[in-house]
Amino acid sequence: HDLLFFSKFKHSESQIEIAFGWENVINVINSLLEEGYENCIGIIDTDLKPIIPEAYVIPDNVFTTDCHDINIETIEYSFDIIYNHYCSTEKDKKFKEDNQLSDMKRYIYSLALPISCLRILSKRHTYNLCFKCKDEEGSSLDFTKFIDKDKFKFINIEKLVETVVNYSRNRIKNEIPTKDIIVTELNKLIEEESETYDKKHITNGHDFGEIILIGLKKIIRMF
């Protein structure tokens with residue numbers, strides 16, 4: 001997806017290479033600069049770096065996205081076009097009226113807030129919880145276990161933590177704290193910190209996509 005996106009903006013004589021990881025991008029750019037190649041740049045997702053700084057020093061030739069990642073960057077500027085193409089105007093209107101909503105993009109950000117905060121918690125405490133399968137052929141995290149597919153609403157924190165913890169088992173080597181501990185920590189983080197963050201800076205584009213897909217499949221789809 002990144003290759004397709006950036007190919008639309010490159011010069012005919014330039015070349016794009018996917019480095020598979022922001023650390024690799026920085027290492028490659030540093031190597032190229034050391035070898036005398038000055039006309040090179042790297043682009044990486046900002047992710048949660050402003051909230052949880054990384055040990056790496058980002059060189060001047062590496063640029064970060066304004067939002068959490070390139071997917072959210074795209075969503076911020078093209079959500080209405082994509083959403084209106086796939087959703088039913090009548091179903092969208094009814095869903096907003098029934099739930100007293102004015103903005104669907106803001107609502108999806110609110111549905112993603114708990115898992116966004118869980119990502120922050122996991123990274124901050126080095127829990128290394130898994131949210132996405134690294135193997136494209138592997139099973140994905142089932143968002144419908146904590147996002148009600150019939151009502152298109154967040155179920156509860158307990159279901160979210162249970163789903164992610166179960167998904168992470170046998171995928172990580174470190175010991176995972178108990179569900180109750182993570183639930184308590186997550187509730188505390190949401191209560192104390194969630195309002196201090198701009199949602200487009202903490203929401204993972206993959207999470208946003210999975211959540212809107214649930215709504216489009218059942219609640220607001222055109223067909």
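**Aromatic pairs, burial and a helix crossing**

Visitor: Why does phenylalanine 5 count as partly exposed?
Guide: Its relative accessibility is 26%. Buried means under 20% relative accessible area, exposed over 50%, and partly exposed in between (1.4 Å probe, protein chains only). So phenylalanine 5 counts as partly exposed.

Visitor: What kind of model is this?
Guide: It is a predicted model, in which local features need pLDDT of at least 70, side-chain atom pairs count only at pLDDT 80 or more, and totals for chains, interfaces and linings use all residues. Residues are numbered from 1 along each chain as its sequence is written, and side-chain values use heavy atoms, with hydrogens and water left out.

Visitor: How many aromatic pairs does a search of the whole structure find?
Guide: Ten. Rings of Phe, Tyr and Trp (its six-membered ring) pair if their centres lie within 6.5 Å; planes under 30 degrees apart are stacked, over 60 edge-to-face, the rest tilted. Phenylalanine 5 and phenylalanine 6 form an edge-to-face pair, at 5.1 Å centre to centre and 85 degrees between the planes.

Visitor: What makes the pair of tyrosine 109 and phenylalanine 208 edge-to-face?
Guide: The ring centres are 5.1 Å apart and the planes stand at 65 degrees, so the pair is edge-to-face. The pair links distant parts of the chain, 99 residues apart: tyrosine 109 is in helix H5 and phenylalanine 208 in helix H9 (residues 205–218). Helices are DSSP runs (H or I, at least four residues), numbered from the N terminus.

Visitor: How do you know that tyrosine 109 and phenylalanine 208 are buried?
Guide: Tyrosine 109 has 6% relative accessibility, so it counts as buried. Phenylalanine 208 has 1%, so it is buried. With Phe79 and Tyr83, Tyr109 and Phe208 form one aromatic cluster.

Visitor: Why are H3 and H5 called oblique to each other?
Guide: The axes of H3 (residues 70–86) and H5 (residues 104–124) come within 10 Å and cross at roughly 130 degrees. Axes are lines fitted to C-alpha atoms, for helices over the stretch in contact; angles run from 0 to 180 degrees between N-to-C directions. Under 35 degrees is roughly parallel, over 145 roughly antiparallel, 65 to 115 roughly perpendicular, and the rest oblique. H3 and H5 are therefore oblique. Their contact (heavy atoms within 4.5 Å) includes Phe79 and Tyr83 of H3 and Tyr109 of H5.

Visitor: What makes serine 122 buried?
Guide: Its relative accessibility is 5%, so serine 122 counts as buried. Serine 122 lies in H5.

Note on methods. Helix = DSSP H or I, 4+ residues; strand = E, 2+ residues; numbered from the N terminus.
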